[in-house]
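Hello, and welcome to this structure. Have a look at the model below, and then walk through the numbered points with me.

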Amino acid sequence: MTLNSLPAWSALQSHYDEISGERLRDWFAPQNDTAPTRAERFTFDGGGLAIDFSKNRITDATLKLLVELARQAKVTERRDAMFAGDIVNMTEHRAALHTALRATADDAPFQQQVRAEKAKMAAFADKVRDGAWTGYTGKRIRHVVNIGIGGSDLGPKMVVHALHHLASPELQTHFVSNVDGADLYNVLQTIDAEETLAIIVSKTFTTLETMTNARSMRDWFTRQGCPEDALSKHFVGVSANPEEVVKFGIAKENVFEMWDWVGGRYSLWSAVGLSIMIAVGPKNFEGLLEGAHRMDEHFRTAPLEKNLPVLMGMIGIWYRNFFGSQSDLVAPYSEALHYLSAYLQQLEMESNGKSARLDGTMVDYPTAAVIWGEPGTNGQHAFFQMLHQGPTIIPIDFIAVLTPEHPLVDHHAKLLANCFAQSEALMLGRTLEEAKKVAGPGKEALATHLSFPGNRPTTTILLDALTPQTLGALIALYEHKVLVQASVWDINPFDQWGVELGKILGKVVEADITAASADPAKHDSSTSTLIARARKALKR
Ligand code: F6P
């Protein structure tokens with residue numbers, strides 16, 4: 001049975017027709033919003049987080065129907081299969097067991113390997129942190145350079161930045177991902193080879209960008225005077241392909257393993273998070289896992305009606321598939337969460353940006369929306385204009401941290417006030433009548449410009465403080481939201497075939513740019529002209 005033939009789907013369609021013209025400001029009017037209020041009915045706690053869904057275009061009936069759709073689409077079966085280690089990534093014939101990386105039960109899958117690798121990481125991280133691990137001239141390590149891309153970069157980078165307040169002041173962590181030489185070159189200008197540790201992170205250990213950067217980094221070390229036989233003091237590798245790491249020249253004892261049952265974009269909890277552990281210490285890394293585990297337990301056990309990832313995922317489907325929204329904004333009111341939206345872009349769009357159903361047929365409904373974002377309050381002075389007055393509806397996740405991780409407490413009330421005021425303004429809007437009063441007598445034309453449609457849906461996620469635990473829970477919340485949506489859309493969120501074609505053609509084009517002579521007939525006229533221009537610029 002396909003999604004749009006499920007009874008709950010048609011029920012939601014009729015429900016949409018009934019309520020899509022209604023206004024949030026009326027639902028919130030004191031005479032209508034009597035006890036229990038919308039805030040009380042639509043705010044839920046779980047895994048150490050609280051989420052206020054009340055400023056969404058939902059009623060009790062909407063939630064009921066969305067939960068019913070989740071049931072009919074077998075979200076719980078897909079969830080349980082993932083936790084049990086079933087082959088849920090069928091196109092690659094793999095389990096997706098990122099939850100096992102943060103499990104606490106002895107009988108959870110793969111615990112022996114997980115715990116052994118974590119202990120190895122902790123022993124290594126401690127040595128780097130306390131200065132016992134030294135470089136080729138005996139100096140302690142002060143710079144850690146994580147070389148990786150996609151899931152081998154975005155997660156660790158986002159978390160190291162988010163937990164900066166807990167990081168060792170002795171160490172600076174750098175992230176290099178782009179094959180654009182500027183990325184590595186700029187970092188190399190700021191570091192000293194004697195005090196630098198490179199972590200080469202790649203699940204496959206074949207990724208073009210990572211291998212190019214890793215080789216250039218190795219050359220740089222040698223040029224700086226590091227003897228070949230001392231390179232092992234400066235390079236460690238993280239991969240599910242340890243043989244390739246050793247072939248690259250990294251000492252066997254410096255290889256940290258991950259496994260094929262950990263997807264790249266779900267991997268920061270594994271040895272891929274080594275840079276996190278070195279920056280904030282093994283105890284804080286454990287805290288991150290603990291927070292994610294709390295969210296796992298909530299997702300696994302809470303009734304669907306109060307289950308945060310289920311509600312987030314289903315409300316997302318409400319907008320995407322019924323309102324026809326095209327993108328979701330993630331607006332963390334936290335500089336520390338600066339890289340969260342970049343991380344979520346990969347998590348959501350690489351997971352759910354698909355058109356093939358599990359049975360190989362094509363979907364006839366939209367799947368993943370575009371995810372984008374910037375921390376508030378910066379966005380307010382840029383693109384928020386469109387959110388308030390543009391004709392397009394963009395659902396927003398506001399993320400607010402109630403207590404600051406820095407001593408500038410007086411900034412914090414302003415920050416939170418702005419976050420809450422934005423969701424209030426987006427919900428209320430300003431009617432033409434109200435705008436006329438603001439414009440003043442005789443200024444009807446101006447009033448249109450001063451009016452706001454309102455009725456713009458937002459969700460507010462609250463963290464008491466930015467701790468490893470709350471951050472872990474927040475990330476796991478989004479991971480599970482992705483699974484919920486994938487289950488409803490009947491797609492596989494754990495593969496990424498869509499990135500392959502570009503990689504294959506990239507190799508051909510690279511050869512044509514660098515070869516002694518190029519065959520223009522091989523490509524379309526646009527691509528051959530671009531190649532010719534590149535050859536000229538690079539003097540080939
Ligand atoms: O090209 C996409 C991708 O495979 C992502 O899924 C992955 O996170 C990234 O590249 C990096 O892959 P690897 O860790 O194997 O270098």
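**Notes on the model**

1. F205 is found in the loop between β5 (196–201) and α9. Helices here are DSSP runs of H or I with at least four residues, strands are runs of E with at least two, and both are numbered from the N terminus. F205 has a positive phi of about 60° although it is not a glycine. With a relative accessibility of 2%, F205 counts as buried (buried means under 20% relative accessible area, exposed over 50%, and partly exposed in between, with a 1.4 Å probe and protein chains only).

2. A word on the source before going on. This is a predicted model, in which local features need pLDDT of at least 70 and side-chain atom pairs count only at pLDDT 80 or more, while totals for chains, interfaces and linings use all residues. Residues are numbered from 1 along each chain as its sequence is written, and side-chain values use heavy atoms, with hydrogens and water left out.

3. Please look at the other end of the backbone list too. K539 lies in the segment after α21, and its phi is near 55°, a positive value in a residue other than glycine. K539 is exposed, with a relative accessible area of 73%. As background, most residues other than glycine have a negative phi, and most peptide bonds are trans.

4. Where are the cis peptide bonds? One runs from A35 to P36, with omega near -10°, and P36 lies in the loop between α2 (24–28) and α3 (38–41). A cis peptide bond also joins G376 and T377, with omega about 10°; T377 is in the loop between β9 (370–373) and α15 (384–389).

5. How is the protein chain divided? There is domain 1 (24–84 + 302–495), domain 2 (99–287) and domain 3 (498–539), with bounds that come from an automatic or database domain assignment. The centres of domain 1 and domain 3, taken over C-alpha atoms, are separated by 42 Å.

6. R102 deserves a visit. The residue sits in the loop between α5 (75–84) and α6 (111–130), and R102 counts as buried because its relative accessibility is 2%. Its side chain joins that of D296 in a polar contact of 2.8 Å (a pair of N or O atoms within 3.5 Å; within protein, one must be able to donate a hydrogen and the other to accept it, and residues adjacent in sequence count only if both atoms are side-chain atoms). Leaving aside neighbours within four places in sequence, R102 is in contact (heavy atoms within 4.5 Å) with residues including W269, L289, H293 and E479.

7. Two further residues are worth a look. H298 lies in helix α12 (residues 282–301) and counts as buried at 10% relative accessibility; beyond its neighbours within four places in sequence, its contacts include D45, K306 and P309. T527 lies in helix α21 (residues 525–537) and is partly exposed at 23%. The side chain of T527 makes a polar contact of 2.6 Å with the side chain of D524.

8. What is the volume of the largest pocket? It is about 1000 Å³. Of the 38 residues that line the largest pocket, T204, T207, V499, E500 and K503 are the closest to its centre. The largest share of this lining, seven residues, comes from α20. By class, the lining has eleven nonpolar, 16 polar and eleven charged residues. Here Ala, Val, Leu, Ile, Met, Phe, Trp, Tyr, Cys and Pro count as nonpolar, Asp, Glu, Lys and Arg as charged, and the others, Gly among them, as polar.

9. For pockets and cavities, a 1 Å grid is laid over the protein atoms alone: a cavity is a set of points where a 1.4 Å probe fits but cannot get out, a pocket is an open set with protein on both sides within 12 Å along at least five of seven lines, and lining residues have an atom within 4 Å of a point. Grid points are joined across faces, edges and corners, and a volume is the space filled by probe spheres set on the points.

10. How many cavities of 30 Å³ or more does a search of the whole structure find? There are four. The largest cavity holds about 140 Å³ of space, and α13 gives the most to its lining, with four residues. The second largest cavity has a volume of about 60 Å³, and W269 is one of the residues that line this second cavity.
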